[in-house]
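This report describes selected local features and the nonpolar packing of the protein shown below.

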Amino acid sequence: MENFDFIAYKKMVKTYQENNDPTGWFENIYAGVNGDYKSVFWADLEPSAYLVEWLEKDIIKKHNKTACVVGCGVGDDAQALSEFGFEVTAFDISPSAIELCKNRYTDTKVNYMVADLFDYPKKWFEKFDVIYECNTIQVLPNGYRKKARAAISSLISKNGYALVSCRSRNEGEKENEIPFPLSKSEMNEFITIDKLKEISFLAYDDEQIPSVPHFFAIYQKS
C-alpha cells in the first residue's frame, strides 16, 4: 500500500512487544481499515497457491475432515479449505478481523471466531486434521515464537498435518527486523522438539519487487 506508514507500523509493533503484549497491535490494524477488508495491507485477497496445490492432491481421505486456520486475517485461506470439503474453524485474536470475515463471507460455512493461540479452547487439543499457519509466528518476538510453534503442533490430530508458510532468513540475519522471518533451524523445531515428520519443505522467493524469501513446509504428526 503506497500510503501505508510502515515506519509507524513497526514502531507500534515494537512498543507492544516491549510492553509484553505481542499480539495486542493486531486489533489496531484491523479496526483501522473501518470495515474495508481490501485495505488490510498484508492481505493477498486470495488463498495461498501452495495451500491450494496441496488441497488439490486430496490427501486426507475421510468424512468430516477438520481444519483450523491460525490468525485467519480476512479469510481467504479458510474459505479455500472449506471449499475443499473441510469443516473449518478459523480464528484471530482481533475481533475486527473476525467481523471483516463474517461481513465478507455472509454465506460461509467456516466457523470464524475470536480466540487466542496461547489460550485456545481445551477441546481443540489434537482435534484438527489440518492446521494452516501463515505468517503468525514471524510477527512474534523471542520466546513467544516457540510458544506459538508448540501450540500449533498441539492442535494437530494423530496423522494430521501442519502447513506452515512464512518469510525466511539465513541463520544470524535479520534478527531484529519486523516482521522477524524464520530461519531453517527455527522451522526444524517442529521436528526436533514437537516430533513431527517433515513431509516437504520448499524455500522460494515471492513475486514482490524486490522479492522476499519464504518457506512453505508440510509436517505430519504420527
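Arginine 169 lies in the loop between strand E5 (156-167) and helix H7 (184-187); helices (H or I, at least four residues) and strands (E, at least two) are DSSP runs, numbered from the N terminus. Arginine 169 counts as buried because its relative accessibility is 14%; buried means under 20% relative accessible area, exposed over 50%, and partly exposed in between (1.4 Å probe, protein chains only). A polar atom of the side chain of arginine 169 lies 2.9 Å from the backbone oxygen of proline 181.

The model is predicted: local features need pLDDT of at least 70, side-chain atom pairs count only at pLDDT 80 or more, and totals for chains, interfaces and linings use all residues. Residues are numbered from 1 along each chain as its sequence is written, and side-chain values use heavy atoms, with hydrogens and water left out.

**Nonpolar cores**

A nonpolar core is a set of buried Ala, Val, Leu, Ile, Met, Phe, Trp, Tyr and Cys residues joined through side-chain atoms within 4.5 Å. The largest such core has 42 residues, of which Trp25, Leu117, Ile131, Leu155 and Met187 touch the most other members. Two or more residues each come from helix H1 (6-18), H2, strand E1 (66-70), H5, strand E4 (128-134), helix H6 (142-154), E5 and strand E7 (213-220). E5 gives the most to this core, with four residues. Leucine 117 is in contact (heavy atoms within 4.5 Å) with Val70, Phe91, Ala148, Ala151, Ile152 and Leu155, when residues up to four places away in sequence are not counted. Another core, of 25 residues, lies apart from the largest one and includes Val69, Ala80, Leu163 and Phe216. In soluble globular proteins, nonpolar side chains tend to be buried together.

**Helix H5**

Within helix H5 (residues 95-104), the buried residues are Ser96, Ala97, Ile98, Leu100 and Cys101. Their cover includes helix H2 (26-31), strand E2 (87-92) and strand E3 (111-114).

Methods:
Polar contact = N/O pair within 3.5 Å; in protein donor to acceptor, adjacent residues only side chain to side chain.
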